[in-house]
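Please open the model in your viewer and keep the selection panel at hand.

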Protein chains: 2
Amino acid sequence: MSSSRATLIQVAERAGVSLASTSRALHGTGASPAMVERVRAAAAELGYSPDATGRSLRMKRTFQVAFAVADIGNPVYVEMLTAIHEVLAPHGYRVVVMSTGQTVASTVDLVRSLGSGFVDGLVVSPLRTDDTLVEAIRQAPVPVVVIGRPLDGIDSVSTDSAAGIGLAVAHLLEIGRRRLGFVNGPLDTTPGAARQRGFDAATADPAFAGEHAETERADDFTVTAGLEAGRRLLARGGLDAVVAANDLLAIGVIRAAGELGLTVPGDLAVTGMDDTEIGKVFRPGLTSVSLGSAERGRLAALLVLDRVGDGAEPVQQAAVGPHLVVRESTAVASKEKSAR
Amino acid sequence: MSSSRATLIQVAERAGVSLASTSRALHGTGASPAMVERVRAAAAELGYSPDATGRSLRMKRTFQVAFAVADIGNPVYVEMLTAIHEVLAPHGYRVVVMSTGQTVASTVDLVRSLGSGFVDGLVVSPLRTDDTLVEAIRQAPVPVVVIGRPLDGIDSVSTDSAAGIGLAVAHLLEIGRRRLGFVNGPLDTTPGAARQRGFDAATADPAFAGEHAETERADDFTVTAGLEAGRRLLARGGLDAVVAANDLLAIGVIRAAGELGLTVPGDLAVTGMDDTEIGKVFRPGLTSVSLGSAERGRLAALLVLDRVGDGAEPVQQAAVGPHLVVRESTAVASKEKSAR
DNA sequence: ATGAAAGCGCTAACAA
DNA sequence: TTGTTAGCGCTTTCAT
């Protein structure tokens with residue numbers, strides 16, 4: 001940590017030209033080659049680097065975008081963050097990570113705090129939504145892009161997780177499973193509600209007619225909660241497949257199956273959702289519905305970038321389709337590899 | 001996105017008092033109750049919220065701290081980020097995530113960019129280090145805390161990963177393994193070098209005298225690289241245990257073992273390092289050396305917080321001790337659970 | 001092409 | 001306790 005930094009004024013004095021010319025020269029806008037040369041040299045000698053705060057105050061742009069989620073430790077959000085950073089950084093934007101908290105109220109607070117003008121835009125993926133949040137987002141002083149359920153008049157990047165659950169159910173039917181369990185997370189969350197809707201719709205479909213379907217709800221979208229819910233669900237017996245609302249729950253269910261001596265996929269086929277790294281390396285490899293987390297992050301970042309650019313376009317609502325990635329946890333012919 | 005926000009001046013006019021009084025009233029410093037009341041009311045009516053940029057310019061503090069790593073997708077760094085955010089947010093600090101890139105040069109650039117004054121401090125965990133980086137950090141215009149190898153005259157939070165490898169080796173000897181393989185990542189990285197040193201020291205120890213030890217180097221600290229290195233190592237045969245330089249490599253090694261028909265821990269005991277979530281849910285549960293990632297993040301955040309506060313203290317070098325977490329991948333009596 | 005000067009929103013030193 | 005005023009570092013009119 002050394003002495004305080006050189007300012008533009010000092011560079012100007014050093015170069016023996018005006019402040020305005022110095023600024024112009026450094027930006028290459030309307031300055032003679034000689035001037036540019038002179039100023040560049042002076043700046044270099046002083047080790048000048050422009051002050052972001054002064055610049056921001058004047059330009060009314062911070063070159064920062066916030067990304068807010070409830071739990072930055074969740075692999076899905078990590079993927080989004082990575083993608084967002086990859087898009088934004090090359091454009092000179094910094095990424096500020098923030099927490100929405102678990103409640104709508106705290107998310108509303110977060111959105112309101114944008115009034116302090118520390119970022120030019122926000123990408124947020126709220127776990128829970130209500131009218132106050134929608135209104136807060138509409139009133140927000142900077143562009144907000146929601147990753148999640150599309151909201152009226154608000155830019156969003158969504159995916160159809162309900163249809164995604166449908167994909168999983170269809171796949172299980174196709175490989176001959178008939179008695180399905182569904183392990184969902186909390187129903188009062190946006191993803192929880194959507195996935196439940198998806199499961200109910202899929203099992204109400206004529207194609208599923210007459211088969212068995214039941215739901216067990218986990219307290220949270222975690223492995224531990226999945227394990228507990230899995231135990232409750234499987235203890236009742238009679239299932240040959242479980243659809244889990246995300247990969248972490250799926251892994252919990254597989255552990256519960258193991259405790260009961262059930263093999264996966266032999267006795268029980270299991271599907272997850274989100275297609276996370278963890279599901280890829282897990283044994284058995286987890287069949288999962290990809291919701292394109294990285295892609296959603298990428299699109300959301302592109303969208304804010306548009307908005308902060310100028311952005312009087314109409315509301316943008318992008319969508320990323322779900323797709324199934326089949327792995328061992330739903331393999332048709334179960335060849336146990338561990339035998340020896 | 002609504003019309004532009006109210007400024008302090010407008011609040012002052014509305015309240016019919018001076019700008020300074022308004023500022024003071026809002027901060028509760030030296031203002032009469034009546035004044036506070038009046039100003040509060042005016043601010044509320046206008047929906048005023050203070051502008052972070054104006055404030056920063058004046059106070060010369062941004063209330064932001066940067067966290068920079070090579071790969072924000074790595075679970076270890078995610079844990080650090082989470083911990084850092086948890087410490088900093090309650091103190092009113094925002095966290096900006098940045099990338100060091102893969103090379104020392106890009107990390108140096110990152111540190112130099114702090115000259116733009118967009119953060120009050122930096123927590124960085126460099127993959128590679130050299131004199132130019134050390135010098136850049138020393139010259140940095142804001143406090144920098146390094147998570148990694150302690151560097152002369154620089155605040156740091158370190159851990160002894162070499163000793164950590166020693167813990168793993170000792171544990172394997174204790175459970176009767178005698179022919180050890182070591183799968184390390186790139187040697188030109190700080191962690192790679194330290195872990196190699198740890199393995200070499202542990203296997204040179206008298207306690208290990210006469211036993212077998214060999215090293216295989218992976219291209220990267222990933223599952224895929226671990227799988228490839230594991231194949232090469234295990235193809236040569238004759239090992240009863242493998243120490244991996246991190247959890248991802250360990251999982252790769254276990255997969256390689258599976259391909260060769262080796263059971264874990266029956267035929268081959270495997271240890272990882274970092275004690276990540278992924279190792280906890282993996283089957284078999286992965287024995288791993290915890291390096292206290294979250295704790296290191298927490299301490300680093302506390303350290304920058306101190307520094308940005310005032311911070312003319314001497315150089316601070318905190319350390320977090322490694323400890324072994326034993327799970328099934330090194331179980332003594334291997335009871336195969338999958339049998340059925 | 002260059003210079004002079006205003007002003008972004010805020011806090012703090014100083015005066016009253 | 002309150003008001004007046006300077007100024008943080010920068011970009012950008014406006015005049016030359």
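Begin by selecting chains A and B: a rotation of 180° with 0.0 Å of shift along its axis places chain B on chain A with an RMSD of 0.0 Å (least-squares superposition on the C-alpha atoms of residues with pLDDT of at least 70 in both copies). That is the relation of a two-fold axis. This is a predicted model, in which local features need pLDDT of at least 70 and side-chain atom pairs count only at pLDDT 80 or more, while totals for chains, interfaces and linings use all residues. Residues are numbered from 1 along each chain as its sequence is written, chains are lettered from A and ligands numbered from 1 in the order in which they are written, and side-chain values use heavy atoms, with hydrogens and water left out.

Next, select B:Val96, the residue of chain B whose C-alpha comes closest to the rotation axis, at 2.2 Å. Then display the interface: 100% of the interface residues of chain B are also interface residues in chain A, so the copies meet through the same surface (contact means heavy atoms within 4.5 Å).

Now select DNA strand D. It is surrounded by 27 residues, and the closest are A:Leu8, A:Tyr48, A:Arg58, B:Ser21 and B:Arg24 (near means a heavy atom within 4 Å).

- B:Arg24: a polar side-chain atom lies 2.7 Å from a base nitrogen of DNA strand D.
- B:Ser32: a polar side-chain atom lies 2.8 Å from a phosphate oxygen of DNA strand D.
- B:Ser18: a backbone N or O atom lies 3.1 Å from a phosphate oxygen of DNA strand D.

How values were computed. A polar contact is a pair of N or O atoms within 3.5 Å; within protein, one must be able to donate a hydrogen and the other to accept it, and residues adjacent in sequence count only if both atoms are side-chain atoms.
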